[in-house]
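Open the model in your viewer and keep the sequence panel beside it. The stops below go from the whole chain to single residues.

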Amino acid sequence: DNPQTPLDLNGADFRKANLSGVDLSGTQLRRAIFADADMSKVILKNASLRNAIFTNTNLFQADLSEADLSNANLTGAQIREANLSKADLNNACLIEADLSKSILINVNLRSANLQHSDLSMTDMYEADLRSANISNSQLVSANLRHSKLEKTNFEYSDLSKTILEGTPLTHAILNKVIFKEAKLNSAIFSSTFLMAIDFSRSDLCRAKFDEANLEEAIFSDADLTETILSNCNLINTKFNNATLTKANLNNANLTSSELINADLTDASLKKAILVKSNLNEATLTNANLSQAVLTEANLSNAKLNKTTLQRSNLENVVMTGASLLNSNISKSNLNNASLSRCNLDQANLSETTLKKADLSSASLIGANLGYADFRQAKMNNADFHGADLRATIFTGCEMNSVNLLNTKWTSPKIVGAQIRV
């Protein structure tokens with residue numbers, strides 16, 4: 001009834017041997033040498049292979065599940081389609097190893113060296129990769145859900161189409177990583193350095209990037225619904241055609257960023273900096289940009305209906321053809337703004353300064369312009385039908401062919417204004 005004593009082959013030399021299909025389950029093979037051997041489809045389940053040498057070994061479709069490969073040398077090994085579930089590869093060397101399509105569920109790769117390795121299409125669910133070096137490697141379509149990635153080095157690696165849903169990446173090293181089309185919903189990147197990372201076409205719904213450095217990152221065509229980007233450095237970042245519905249960008253720095261045709265419906269950008277940013281044809285319906293800085297930003301043809309821009313700095317902004325229906329732009333700075341052909345119907349512009357602004361052919365039907373300052377503004381062909389113009393300043397304005405029907409005029413200041421209705 002005693003269990004069979006494991007075969008002891010510790011230190012054996014199998015260099016260039018043909019061990020294809022051999023069953024060595026549970027065998028003691030510590031410090032054994034398998035360099036250049038053919039071990040395709042070999043069974044080494046639960047084997048002891050600590051400090052073993054597998055340089056350039058063929059381990060195609062090998063069963064290494066639950067094997068102890070700690071400190072083993074697998075440099076250049078071919079381990080495609082192999083089973084390494086629950087194997088211990090702590091501190092192992094897998095430089096230039098090919099592990100593509102292999103199963104590494106619950107594997108221990110802590111402190112392992114996988115530089116220049118191929119981990120494409122591997123299943124590393126709940127793998128332990130803490131302090132592992134996986135730089136300059138291929139991880140395309142790999143499954144890394146719920147993996148432990150503290151201090152993991154992914155520098156210059158390709159993680160396109162990788163599955164990292166709900167995985168914390170806060171302390172991972174991600175310099176120059178590619179995340180194209182990756183599944184990163186609910187992933188955690190808080191306070192992480194992610195400069196110039198490519199996240200284009202990725203699923204980043206509900207991901208957390210708060211206080212991350214994302215300067216020059218690319219999020220074009222990505223889904224960032226409900227994603228947290230508050231307090232982030234997003235200078236020169238690209239969000240073209242991205243979905244940012246209900247995203248949190250409070251206090252984010254988006255200077256010179258591109259958000260062309262981006263969807264920011266219901267997004268929060270309170271106190272965000274968007275100096276010289278390009279939001280051409282972007283959708284910001286019901287977004288909150290209170291106290292935001294948008295000086296010299298381009299919002300041509302943008303949709304800002306029901307948007308809050310209260311106390312914002314919009315000096316020199318370009319909003320040609322934009323729609324701001326029912327928006328709140330009160331107490332804001334729109335000096336020198338280009339607002340020609342804008343739809344500002346029912347908008348609240350009370351106490352807003354629009355000195356030297358261009359509102360040619362703009363529609364301000366029913367707008368609240370009380371105490372607004374339009375000094376030296378151009379408003380030719382503008383429509384003020386039903387607008388509230390109480391205590392509004394029009395000193396030095398051009399107002400040729402304007403519609404002032406049913407407007408409320410109480411103590412307006414029109415000194416030097418050219419008004420032709």
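Helices here are DSSP runs of H or I with at least four residues, strands are DSSP runs of E with at least two, and both are numbered from the N terminus. Counted that way, the protein has 0 helices and 2 strands. This is a predicted model, in which local features need pLDDT of at least 70 and side-chain atom pairs count only at pLDDT 80 or more, while totals for chains, interfaces and linings use all residues. Residues are numbered from 1 along each chain as its sequence is written, and side-chain values use heavy atoms, with hydrogens and water left out.

**Whole chain**

Next, look at contacts (heavy atoms within 4.5 Å). Of the contacts with a separation of 6 or more, 0% are between residues 24 or more positions apart.

Colour by relative accessible area: buried is under 20%, exposed is over 50%, and partly exposed is in between (1.4 Å probe, protein chains only). Buried residues make up 51% of the 421 residues.

Lys and Arg count as positive and Asp and Glu as negative, with His and the chain ends not counted. Each charge is placed at NZ of Lys, CZ of Arg, CG of Asp or CD of Glu. The mean positions of the 40 positive and 44 negative charges are 7 Å apart.

**Salt bridges**

Side chains of opposite charge can pair when their charged atoms come close. How many salt bridges does the structure hold? There are 9 salt bridges, each a side-chain nitrogen of Lys or Arg within 4 Å of a carboxyl oxygen of Asp or Glu.

Select Asp-98 and Arg-80. Their closest N and O atoms are 3.6 Å apart, forming a salt bridge. The pair links distant parts of the chain, 18 residues apart, with both Asp-98 and Arg-80 in the segment before β1. Asp-98 counts as buried because its relative accessibility is 14%, while Arg-80, at 32%, is partly exposed.

Move to Lys-180 and Asp-198, whose side chains meet in a salt bridge at 3.8 Å, N to O. This pair also links distant parts of the chain, with Lys-180 and Asp-198 18 residues apart and both in the segment before β1. Lys-180 is partly exposed at 32% relative accessibility, and Asp-198 is buried at 14%.

Then select Arg-375 and Asp-373. Their salt bridge has an N to O distance of 2.6 Å. Asp-373 is buried, with a relative accessible area of 6%, whereas Arg-375 is partly exposed at 36%.

**Positive phi**

Select Gln-376. Although not a glycine, Gln-376 has a positive phi of about 60°. Gln-376 lies in the segment before β1 and counts as exposed because its relative accessibility is 51%.

Lys-276 is another stop for the backbone: this residue is not a glycine, yet has a positive phi of about 60°. Lys-276 is also found in the segment before β1.

The contact lists here do not count residues up to four places away in sequence.

Start with Ser-257, in the segment before β1. Is Ser-257 buried or exposed? Ser-257 is buried, with 1% relative accessibility. Ser-257 touches Leu-234, Ile-235, Asn-236, Thr-237, Ser-277 and Asn-278.

Go on to Thr-192, also in the segment before β1. Thr-192 is buried, at 3% relative accessible area. Which residues does Thr-192 touch? They are Leu-169, Thr-170, Ala-172, Leu-174, Ala-212 and Asn-213.

Finish at Ser-131, placed in the segment before β1 (398-400). Ser-131 is partly exposed, with 37% relative accessibility. Ser-131 touches Ser-111, Glu-150, Lys-151 and Thr-152. From Ser-131 to Ser-111 the C-alpha distance is 4.7 Å, across 20 residues of sequence.
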